[in-house]
Amino acid sequence: MTDHPEDERPSGPLDTTTLEVLGCRAGSHPLVCEWRFQPDSVSPRHLELRLDATQYPSTVTSARLDVRWFEGGDYSVHYLEQGPSTGELESWQCRWDRHPRPEAPRAHFHPPPDGGAGVEPSPIGGDEGEWAEDYHSLNVLFAVLDWIDDRLRDVHR
């Protein structure tokens, strides 16, 4: 995951308690096969959720969510699929963020296939200055997992 430029930094330090709750609860989802802190639980930089690659088409060899949740309520949820392509690893990714960004809403989405510079308003996570009911960390996580379920249905069609 990339670091944010100075004027786009999430508010507050990493909220490891919330990340641990997210990891434990994510384990109940049929797509999630493992969760762990990266690089480790002593000094975590993010929560990694490994997704069950057997539920993906053969073009995907691994899939994961990297989650960062901050004490100020900002977050970054990065979805990454990887697969073999002519001997090299090919990836498909996107990202849901909530943090200050001058040219976009505080809650925004970096769409696939590269999750890069393109930004659009996020369908989850509350709007600027709003603490919406659907903004709770578990609701954000499970909204993303529902989005991934929908993606899997589409790729299997």
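1. Let me start with Q38, which sits in strand β1, residues 32-38 (helices, H or I of at least four residues, and strands, E of at least two, are DSSP runs numbered from the N terminus). Q38 counts as buried at 18% relative accessibility, where buried means under 20% relative accessible area, exposed over 50% and partly exposed in between, with a 1.4 Å probe and protein chains only.

2. A word on the basis: this is a predicted model, in which local features need pLDDT of at least 70, side-chain atom pairs count only at pLDDT 80 or more, and totals for chains, interfaces and linings use all residues. Residues are numbered from 1 along each chain as its sequence is written, and side-chain values use heavy atoms, leaving out hydrogens and water.

3. Not counting residues up to four places away in sequence, Q38 touches P44, R45, H46 and E48 (contact means heavy atoms within 4.5 Å). Q38 and D66 are 28 residues apart in sequence, with 9.0 Å from C-alpha to C-alpha.

4. Now to E81 in strand β4, residues 75-85. E81 is buried, with a relative accessible area of 5%. Its side chain makes polar contacts with the side chains of Y79, at 2.5 Å, and R151, at 2.7 Å (a pair of N or O atoms within 3.5 Å; within protein, one must be able to donate a hydrogen and the other to accept it, and residues adjacent in sequence count only if both atoms are side-chain atoms).

5. Beyond its neighbours within four places in sequence, Y79 is in contact with residues including L51, Y56, L65, W96, I148 and R151.
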